[in-house]
Each structure stands twice: as structure tokens, then as C-alpha cells.
Amino acid sequence: MTGPVAHAFAGWRHGAGSAEDLMPERLLGGSQPRAIPRPDTDDTTLAGADRPMVVQGDQELPVDGSVGRGYAVAQCDIFGVWSRWEDVELTTSSPGVAPPRLTHLTLLATYAGSPVCPSLLTVDLATEWSQRTPAAIDLRAVFYPMPTGSTPPPFGTPPTPPPPAPNLGLASTLTFTGDAATASAGTVVPLREDGSVSPGWGTPEQAGEARSYRLTVPGPGLDFGAVSRWGVQVWARQAAPGIAAPSVWVPVPAQPATAVAASPVPAVPTPPPLPPGVPLGSTPDAQGVSHAKVGWSGLAGPHVDRVVVWEASETTLRQRLAPGSPPDRTLPLGVRLQQLWDLYDAAPAAQRPLGFRRAAEVPAVPAAADLTLARGSEDIHLFLVTAVTTTGVESPWPAGGGGLPAHTHLQAVAAPRLRRPATPLVRPAIQPDGSLTVAFEAASPIPVTAFEVFATRSGLAARDHLTMGPPLAQVPAGAAFDPATADPRLDPITRQRVWTADWSGALPPSWEPWHLRAVAVPEHTVPVSAERGVVSPASDVVTAVVLPSAAPQLDALVAEVVGADNTGLLVRTATTAADRVVPAGSHTVQVTLGAVTGQVLPLEATERVADESTPPDTTAGPVVQRLPRTAGRTPLLVWGRRDDPSVPVQVTVRVADPLGRVAEQTLLMPGWVEPRPDLALKIIDVVRIAGRGYVASLLTSADPATEPPHVLTVIVSLPGTFPPDPVRRRPLRGSWELPDIPTRRSPVPPRGAEIMAVRSRGPQGTEIGLWIPAQRIVALTAAITHPIEGEVNDGWRPA
């Protein structure tokens, strides 16, 4: 019951002396307070309806500028008691100009023959018309290069013109006069609500709360040499009559209005160089299909996405460009190709692509593609290359230009027809001087350039010429002529030309027959007739024997003493003689050891061993063994013995070939001599006896019984005198032949005024004792010399 039930409003202008009653008037006069609604029992009263409010509908606001007002409110309770007035001051302004809306944006770039392409910007916009008609609409556009398709726009708000490089700027203003609009740059047309062009300004099709317009502005030249896309960012603002401040720029940075133009610049391939004739495809593969390699250049840039290869056969192209004129296959390929070029160049540009089909789409790198030709085709096939950029622009159909005819872009290929010579005939002949001459002959539908000769001594390897190793020789071939008429020789059955060659090459001498085969090698290609040569089948196997011109070789003999009693002998040698039966017979070996001559044995009849570890029994005489043959030689082992190892013996080995030619080697084996140990000498010890002299002990391997005898030499160096009169003293010397040194049971020498020596036999050699009559020595040197065994020496110095 104590809450407010009604309220009253009053208002005043800034600077006025009194307030104005804002309450409505009663029917009987006076102001009528406004009741405050109370919630119904079912709570149907709208939220906020109990808040006092009043609308001053007759208050006019200025079009531009600010307005100042004051308002006061008082409320009363159910008993009519009013509260005090509460007031508030208000300063406000008229609403700002609403910005236009950008509804559609298009950027179009057109190729004009260079990477710098003219552009066209189309902007659709709408503006509110019923509340405030616009006076002008400003548009700003910034064109920016896009290195990638996701490059964002560079600005949030319009930059101050001109924009920084490499960006480009554009501005245009729409000025309104009544219903009509004009553009400072470009052209503007009115639009219907559905986006189509309206027949006039302000017509019923255009009239409404909002009106739409389309501005078309020529843009700057966009350089697509380094990028594949250019973007444009557009802003707009609107000015209204009587209002100084225009609207804000729209759209906001978070929602930019952009459009993208892809590069319209095509990737044009460079015309390939024209070959001198008609190139041939590959030799047909296992499926009988010939392959052609189509290449291109000038398409390696980053903006090229793929390459399209077009193909047309000779028959198809003639049907399209010259109906009723099939190719004349009796003409050479070069003539037929020239006819195709003439037809293609004379055809209108729009008809040239009609005979081609899209054969393949391949990456631009590598700059070549492998395409297959139709199986069994005898046509000339023409290929042409176009390119598609990363922006989807396909290059135009090449039309020559620059002084070049249109056919320079065509690549011609013909499938080769394989031609194989007949199996060659091989006729070997041995000349009176023993040399070998081989004649070759083959009939062929294609010129033969050479005959390849294969030779082997293995009958198994000769079953196929591919297992006979590389060709032994390549003999140039020539056409054969009839000696009587000088006409070319023709095969009597196939009527093909005959090609011949003669070879007098030297085969390595061998007791085994040589197996010979040959193949005819034709011309690789005959472009004028689209023929490719294939090597002929191999000839039948023919044999020829080239015997060695001299006796077999026999290496020098190398001998050594074997056995514990030194009576055994082992002689090593090797021979080129064959250790098997050859067509002419067997090679033989015979050994003479001293006065004993062994029997003549076929070489293959000797025992074959793996190594020297199994000596045979030589009681009955010398025995010959052979090791496995290596490097064309048969190693021989000759085992023998002599009763007295100290007696020299002569060894002779003879090897004969089937023609009786003999090779012989002789070696005188000296008598065996007990080896002597190496000569040695060592000073074992030197002892000083104070006040008297030195005793030295020596040990040597020299034997006193050896003839000629060993000689012992001893040199003792003495110290010099001291200053003031320094004198260098002469050393003491002693020399004895070893047998002349007296022997004693103990190697302790007697003492005397000269160097004395005694010797005795010890377990390690000859022990020698020396007496040196010197109070002090600085060095001792001892040497043993022998005219055969040489000299050894040793020295000693006091510590």
C-alpha cells in the first residue's frame, strides 16, 4: 500500500527559465499523472512495465549538431502524497550517417599479350534511401599481389593514397543528384532487388527502403610475371546532405571485402627445332607397341601446373583438313610429312585442332613424356603441346608467329618397321701359309653394315652366340655384285640384295678347334622408309683349327732337396702343352735324372694331384705329376732321388707336341752341403783387476776347425794424458787365427805384458778369454773375419 502508484514528468531546454509539463492533459483540464501498472494475479504483466517512462514525440532534433535538455520526474502514493522532483541533464546529437553495404565484388584480369594484364573491378553496393538519401558514396580499393592462394589482405582500414609498393590503389566517388548517380571513375548503373540492371533511375523496380547500384571501374595493370594471383580489398563510406561527417568506412577489418583474380597469362611452349627427317619411335616392346618421346621447353616456371599433349594421326588429319585424300604410302616419309605441313598451315586457325585428340596430361617437369603409338600403325603421328597454369588457364592453340609457320609446333613421329637380315653363311678356309680366312654372306631387305664374329673353343658355349663372349671382330660389309654383269646380286628365293665380307683376323693358336658363328648387323634406321634394322639370327656353328707355329713352351726348372736324408729331389716347371687328348693326338713328357731316363708318357696319363703334399715312390725312377691347369699352363712336378746327396746330378725335362716338336729344359742340381750356422760374436763380460789389468770373456760361433780359418782381432783403446801436455796414446792390438789360439780347460788367460788369448769349447760355441795389460781402458772392440762367411764384431765401453 505504500509503493508508488503514479508519476509525473517535466522537461526544460538548456538556458530556459521554467520547466515544461510533459504529462498528457485531462479531459476536464489539468495534467493527468501516469499510473504505474501492478502485476496481475496470474503474473501476466510485462517485465519492466512498472518503470516510469514518457515519449516526447513532438520534439524536433537538428539535422546536424547537438541538443541540450533537462528532465525531472516525481511520483505519488495511493494517498496522493508526492515525492520531491528528481532531475537529470542530457546533451546529445543527431544520429550519424549509416554506411552503405557492399553486396558483391568481382575482379577480372584480361590477357593482352604480356604478363601485365588490364583489370576490371565490379562493385555491387546498397544504401538506405527512405530515412536519409545519400549525397555521395566514396569507394577505395587496394590491389595487392598474392604469392600464394591464401595470402591475406594487407590492410585493415583504407591506407592513405597512394598505397605502399607493390600495392596499387584506386578510388571512385558516386555523386547523387535526385535519383540518379554518377561516378568519378568508371560507370554506375541501378539494380533491381534481384541484382539485374534496372531500366532507369528511381523506377518502381528500384524504389524501396534500400537501393542497389553497380559500379564498374577499369583497374590498374596487374603484373602476373612473379605471382599467379592478385587480390583487391575494397572499402566504402557514405555522406548525407546537411551532415558534415560521413559514415565510417566499411567493412570492418575482421570481415574484409576482397576479390581475387587468377593469372590469365598462358604458358606458351617454345616451338621445338624441326628435325631433318621424320623421327622414328622406339623398337616395339614385348606388347608390340612402339613408344614416342614428346618434349617441350619454356614450361619450367612455378605457375605451370601441367602439360597437355595432343595427338593426331596422318589419316585423321587428312580426313579433317582434306577429305577424300588418304595418305600415299608409296611416297617417302619426308614427302608425306611436307604434305601434312602444307595442309596444316593452309587450314583456318579454328579448324587446325579438329583432328587432334587429348592424348595425355603430364607434369611439366621433366620436360618430356613417353607416349605409345597405335599397334601396327603405318601413319605419321603428329604431337602438339599446350600448358595449363596453376590458375587453370590453358595456353591457346599454337599458331606460329614471329615469322614461323604454324607447323613448327608439331612434332612428327612414325612407328618403325623392323627389318632383319637372313641368317648369314660362314665359310672358313685355311690358306697355304697357314693363316685363316673367313667369308661371310647374308641376304637382307635392309643394308647390312657389318658382320660380328664370335669365336670360342667351348662347344657348349657355342650353342648360343650370346654365351660366346663379346664379338671377336666386327667386319665391315658391302653389297655384292655379279662379276660378269656388274648387277647387284640377289638372293634367288627372297630376291633380296646380298651383302658379303671377308675376314683374315688372327685367332690365337690352339690344339682345340675354334667354334665360329656370325650375325649380320644392319643399318640402325632408314628414315626415308621408316625402317629399323634388327640383328640377324646367328649363323650355324663352323669349326676351324689354328695350330701353334712352334713347340709348346716349357718354363725353366726350379729344384730343391726334400726328405730327411736329403736324397730326395723335387723339380718344378710348367708347360703350355695340353694335358688332354686333342684332335691331333697327345702331348708327351719325358724326364732324365742323372743316368736314368724315364719313359715317354702322354701328359694326360700323368698323375693329377691337388698340391705337393703327396710325394710318390721314386725307387724305380723319376715320377711326373701335374697340378690343375691355370692361366693356360699345366704345372709339372718331377720327383726323384740320388744315392749320395753330395754328388751333383743333372735333370732334363722334355715336352713334345703331337707333331713331334720338342721343348727341353735342363738343370744341374749341385751336391748337398750341410748348412753352417750364421757367424756370431759377443763380448760376454769385462772384469778389471785393480792395479794389474782387465780380463774379457768372448763367445763366438766360429769353429776352429774350419778351413780357411777364422781370424780374431782385438783393439783396446787407452785414455790420453791430461794437460798441460795432452798426448793421445796408441791403442793395444792383437790378432790370431782361431786354430792358433792355445786351448785351456778354463777360459781364463794367463797374465803377461801383452794381450793374451786362450780358447775352450763350450755348449754354446767357442769361448775365448782375453788378458789386457792396462791400468785403464776406454773401449774394447773384437772382430771375427772369414773370407767366405764374412765379418762380425762387438764392442764394450766402461759404464
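Ser-536 sits in the loop that runs between strand S30 (531-533) and strand S31 (542-544), in what is a predicted model. Because its relative accessibility is 4%, Ser-536 counts as buried. A polar atom of the Ser-536 side chain lies 2.7 Å from the backbone nitrogen of Ala-520, and, when neighbours within four places in sequence are left aside, Ser-536 is in contact with Arg-420, Pro-421, Ala-422, Pro-424, Val-519 and Ala-520.

The largest nonpolar core has 31 residues, of which Leu-105, Leu-121, Leu-139, Phe-143, Leu-174, Val-232 and Val-234 touch the most other members. At least two residues of this core come from each of several strands, including strand S6 (101-109), strand S8 (136-146) and strand S13 (229-239). Among the residues that Phe-143 contacts, its neighbours within four places in sequence aside, are Leu-107, Leu-121, Leu-168, Leu-222, Trp-230 and Val-232. Another core, of 26 residues, lies apart from this one and includes Leu-679, Ala-757, Ala-774 and Ile-784. In soluble globular proteins, nonpolar side chains tend to be buried together.

Val-81 is placed in the loop between strand S4 (66-76) and strand S5 (86-93), and Val-81 is exposed because its relative accessible area is 51%, where the cut-off for exposed is over 50%.

| Residue | Relative accessible area | Class |
|---|---|---|
| Ser-536 | 4% | buried |
| Val-81 | 51% | exposed |

Methods
Residues are numbered from 1 along each chain as its sequence is written. This is a predicted model: local features need pLDDT of at least 70, side-chain atom pairs count only at pLDDT 80 or more; totals for chains, interfaces and linings use all residues. Side-chain values use heavy atoms; hydrogens and water are left out. Helices (H or I, at least four residues) and strands (E, at least two) are DSSP runs, numbered from the N terminus. Buried means under 20% relative accessible area, exposed over 50%, partly exposed in between (1.4 Å probe, protein chains only). A polar contact is a pair of N or O atoms within 3.5 Å; within protein, one must be able to donate a hydrogen and the other to accept it, and residues adjacent in sequence count only if both atoms are side-chain atoms. Contact means heavy atoms within 4.5 Å. A nonpolar core is a set of buried Ala, Val, Leu, Ile, Met, Phe, Trp, Tyr and Cys residues joined through side-chain atoms within 4.5 Å.
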